[in-house]
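Please open the model in your viewer and keep the selection tool at hand. The tour below goes from one selection to the next and says what is found at each stop.

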Amino acid sequence: MPHPTIDQCKAWQALAEHAREMCDCHLSELFAGAPGRHTAFTRQAAGLTLDLSKQRWRDETLERLLDLAREAEVPGAIRGLLAGERVNRSEDRPALHTALRLPPEASLVVEGEDLVPSVHATLERMATMVERFHAGQWRGATGRAIRDVVNLGVGGSDLGPLMVTHALADYRPEGVHRIDVHFASTMDGSQLADYLARLNPETTLFVLSSKSFTTIDTLSNARTARDWLMGRLMGVNGEEGVDAELVMRQHFIGVSASPDKMHEWGIAEDHQLEFWEWVGGRYSLWGAIGLPIALMVGMQHFRELLAGAHAMDCHFSEAPLSDNLPVLLALAGIWNVNFLDIRAHSILPYDGRLEFFAAYLEQLEMESNGKSVTHDGREVGYSTCPVLWGQLGPNAQHAFYQLLHQGTQAVECDFIAPLRRYDEVEDSATRAHLKSQHRLALANCFAQSRVLMLGDEAIDDDGPRPVHKRYRGNQPSSTLLLERMTPSTLGALIALYEHKVFVQAKIWDINPFDQWGVELGKEIAGETRRILEHQADIAGMDDSTRGLIEAVWAAERSPR
């Protein structure tokens, strides 16, 4: 007999009954009836403060959710994840991204091998590379120092490094040779074409980041980059030009779990960085995939990023469920999705440095938990991952906040902001102006979550408001405050969401570490590409796809 699904367990059924009692309860009532609610539902760890008081729950709700976490065996799952058990069951391997941020004195033996030495050997190899770049000693084929690095990757090999380099741009090391880092991921070549039009091939290097080293998006861009370099550099330094092997050696670094494929492509062995099979792409910025981050901020700050994430790992491992930030954030999501039927989630940072954080979380959460089959192959009978999207909060206020406040969709929101900023600005007048702008951003952050919570009750005016000006409120939100945006607190923030995703997956009994849903699309795209390129028979295609392919062929035949 198969074990009961989570929605059949006692704790789930108790929550469903409790939700019926809570469905008509407004957040304004919850605050009015519970002085000190903020303190009761606020927790701190690793430089972060998490305020869950604006969730549509009360003490009893949280206790029942904690019962659900225990019934789903979340504590044992946390231990198993961090100990290296094979939690990725469909691919029969562990998920060991947390091993990438263990300190050098730690030990993690998995299936007879201590992983920490090899992790730190890769970090030291990265450090050697970064030192060469920052000393101006990594030179291109013509002898000029590399100035621009273009990361060619997609998904986790792009979004994580892109997000972090933007968030930590203030932490560039001083007194070193400046390296500018760029990112190209689109398979149509539009991003790369823009860089190739502006960058100098003599001083440009490409990082090919691909776990399998078969990703068509990345390799298509890599071939274009190689042809560009060869075409521009082979004619430099006289009639004989620059040696092609030297171009490949000095202008490419590879990051992959497939060294043989990197070698076949022409990347020198000592310019390869290791990426292990036990690290999923969207969890990989902590290791060699993070090379662009280290090139931007230096290895010291990169190690601080790892240390912040490790601090969150320790909190996740040691804190009781009732004080555990990732667990509590996960349970808030479970409550909203499965019991309040809120299936949309918006990420709203109030700091321009977190411009790409929502995009990063879109992949982390929806690729991880956008699943509908349990570990034992049964289709789930309950909702899993909500639709997640977001934007910088100040910009979103002039875009989709209208829907949040007066639309017909219920949406859970995460507001994220640093408490302090601009302390390091030397000029006192400039510092005062910038701090005033930061307070303005915080005022908007706090005001928006207040109005989403209270609706019209947040406004002290006389008489009823016209219907088109009414705010219903009762939209749940969480607020995450960082003491300051540092490599350490950013690392903790990212790890917080990683672990939140894992806890939710455990409760939903799904695998957050595979992504089979993207494979069929790749397979059919390959078949369609062959048809487009070779004018192959399209009789087996559906009518719509036939029409679209024929439109492409007609466009290619028409005069330019």
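**Cysteines, then cores**

Begin by selecting C413, which is buried, its relative accessible area being 0% (buried means under 20% relative accessible area, exposed over 50% and partly exposed in between, with a 1.4 Å probe and protein chains only). This is a predicted model, in which local features need pLDDT of at least 70 and side-chain atom pairs count only at pLDDT 80 or more, while totals for chains, interfaces and linings use all residues. Residues are numbered from 1 along each chain as its sequence is written, and side-chain values use heavy atoms, without hydrogens or water.

Searching the whole structure gives zero disulfides, a disulfide being a pair of cysteine sulfur atoms within 2.5 Å. For C25, the nearest cysteine sulfur belongs to C23 and is 9.5 Å away; C25 also counts as buried, at 13% relative accessibility.

Next, select F357, L490 and Y497, the residues with the most contacts inside the largest nonpolar core, which has 128 residues. Such a core is a set of buried Ala, Val, Leu, Ile, Met, Phe, Trp, Tyr and Cys residues joined through side-chain atoms within 4.5 Å. Its largest share, 13 residues, comes from helix α19 (residues 487-508), helices being DSSP runs of H or I with at least four residues, numbered from the N terminus.

Now stay on L490: which residues is L490 in contact with, leaving aside neighbours within four places in sequence? They are M163, V164, A167, L168, L305, L354, L482 and M485, where contact means heavy atoms within 4.5 Å.

Finally, select F206, L219, L229 and I267, which are among the 25 residues of another core, lying apart from the largest one.

Methods. Helix = DSSP H or I, 4+ residues; strand = E, 2+ residues; numbered from the N terminus.
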